[in-house]
Amino acid sequence: MSTGAGERADQAVRIHNEWDPLEEIVVGRLEGLLIPAWEPDMLGCMYEEYFDFYKSRGGGEWPAEEIRGAQRELDELISILEGEGITVRRPDLRDYSGELRTPHWSVPNELGVANPRDSLLVIGQDIIETPMAWRGRYFETFAFRSLIKEYYERGANWISAPKPELRDGLYKESFTPAGPGEPPRFVLNELEPVFDAADAIKCGRDIFMGLSSTCNEAGIEWLRRYLDATHPGTYQVHKLVFNDPHAMHIDATFYPLAPGKLLVHPERVTEIPRMFKGWDVLKTPEPCVPDSYPLYFSSKWMNANVLMLDASRVIVAAGEVNTIKAFKDWGLEVIECPFWNFNNFGGSFHCATLDIRRQGSLQSYF
Ligand code: DAV
């Protein structure tokens, strides 16, 4: 019996927001992960201190000890999730070494699938392969194809956004990050739609996307038109702009954790959209990760990149005492998992996972 338009209880894939009770999730893999080679998008979203590292070490293996530490943490995350009765799925093993060539460019190697949040956007029952701006991530969704085909067999919708050409002209060659007080700017031009799934965050009928150095205006417009065409009158896609000189992804910056609870970066977010009037807004507390963690791909604000098991239980990195206290004061139940070693490879719990199915139905929270 139907539980509402498109809301059958046996759906394999169903995601409407970041907090309905979690039933099934994909957790990324560190096996095969390689140091990405330097490529033009990195000028916009990576940190200057690592430019030479990518230029000289790209294609090489990550330090084994660092991967081992991160793997232990990922295993602990998996056992926490499974202990909560959540089904954990994994991408296929793949080899990421070897040149990747298209008609317009080549890169000496691919990156890997540590962060499944980026390449696949799940909205409702739709799995959308995203048009990613990093060349080394061009075929990242292939490691998920066994899973996607299974979900497709079980009734999910499956589409890929237009494969971007990623020609040199997409990237501003002389890009420099905005300095303090300067208006935000990003490395991408508007030649074609590009975005990563982690540039979007879901809040029922409202989807928020941050312009960034992996997400251009054309990318936001593509998603808006796709959703309008396939689900007329159902979704609103909102464009946000943050003050982040290395902007890449929204999920450590602007994160609706539960109805009435919005987590925002204390400096990047200068204006809360009016529709959140009446919501509690928590500014992410100062991160505690020690400077000894290299954080090759991100800022230290991975303490905000949490995972909601439901509207009251949240997984937070062990040691992030400021965040843990603030969340508890906010009425959340905190589950701690060590994750600082994993954070070195691009993100925290939200990045390392991809929600496949949560209970609940499509709603408006505004
Ligand atoms: O520092 O906010 C976030 C990357 C998450 N996928 C940052 C980068």
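Analyst: First, a cut-off: a residue is buried under 20% relative accessible area and exposed over 50%. Note too that this is a predicted model.

User: Which residues of helix α6 are buried?

Analyst: Helix α6 spans residues 321-329. Taking the cut-off of under 20% relative accessible area, four names come out. The buried residues are Thr323, Ile324, Ala326 and Phe327.

User: Within what arc do the buried residues of α6 fall, seen down its axis?

Analyst: Residues three or four places apart in an α-helix point the same way, because there are 3.6 residues a turn. In α6 the buried residues line one face of the helix.

User: Which exposed residues does the face of α6 turned away from the buried side carry?

Analyst: Exposed means over 50% relative accessible area. On the face turned away from the buried side of α6, the exposed residues are Val321, Lys325 and Asp329.

User: Which strands are included in what covers the buried residues of α6?

Analyst: The test is contact, meaning heavy atoms within 4.5 Å. The cover of the buried residues includes β11 (254-258), β12 (261-264) and β13 (280-283). It also includes β15 (313-317) and β16 (333-337).

User: Which residue just after α6 takes a positive phi?

Analyst: Helix α6 ends at residue 329. Just after it, phi is about 95 degrees at one glycine. That residue is Gly331.

User: In what order do the three strands of the open sheet run, and which are the edge strands?

Analyst: The pairing in this open sheet is mixed, and the order is β14-β15-β16. Strands β14 and β15 run antiparallel and are joined by two bridges. Pairing on one side only marks the edge strands, β14 (307-308) and β16.

User: How many residues does the hairpin between β3 and β4 go through?

Analyst: Strands β3 (97-101) and β4 (106-109) pair in the antiparallel sense over three bridges. Ser97 has Asn109 of β4 as its bridge partner. The hairpin joining β3 to β4 goes through four residues.

User: What share of the ligand's area does the protein bury?

Analyst: The residues surrounding the ligand include Met248, Ala252, Ser298, Met302 and Cys351. A nitrogen atom of the ligand is 2.6 Å from an N or O atom in the side chain of His249. A polar side-chain atom of Arg268 lies 2.8 Å from a ligand oxygen atom, and one of Asp251 lies 3.5 Å from a ligand nitrogen atom. Taken alone the ligand exposes 270 Å², and the protein buries 98% of that.

User: Is His249 buried or exposed?

Analyst: His249 sits in the loop between β10 (236-240) and β11. Its phi is near 80 degrees, a positive value in a residue other than glycine. Relative accessibility is 11%, so His249 counts as buried.

User: What is the relative accessibility of Leu295?

Analyst: Leu295 lies in the loop between β13 and β14. Its phi is positive, about 40 degrees, although Leu295 is not a glycine. Leu295 counts as buried because its relative accessibility is 9%.

User: Which residues is Val281 in contact with, leaving aside its neighbours within four places in sequence?

Analyst: Val281 belongs to strand β13. Its relative accessible area is 37%, so Val281 is partly exposed. Beyond its sequence neighbours, the contacts of Val281 are Leu262, Val264, Ile272 and Trp330.

Definitions and conventions: Residues numbered from 1 in each chain as written. Predicted model: local features only at pLDDT ≥ 70, side-chain atom pairs only at ≥ 80, totals over all residues. Heavy atoms only, no water. Buried < 20%, exposed > 50% of the residue type's maximum accessible area, 1.4 Å probe, protein only. Arc of directions from axis to C-beta. Near = heavy atom within 4 Å. Polar contact = N/O pair within 3.5 Å; in protein donor to acceptor, adjacent residues only side chain to side chain. Areas by Shrake-Rupley, 256 points an atom, 1.4 Å probe, with all protein chains shown as cover. Pairing = 2+ DSSP bridges.
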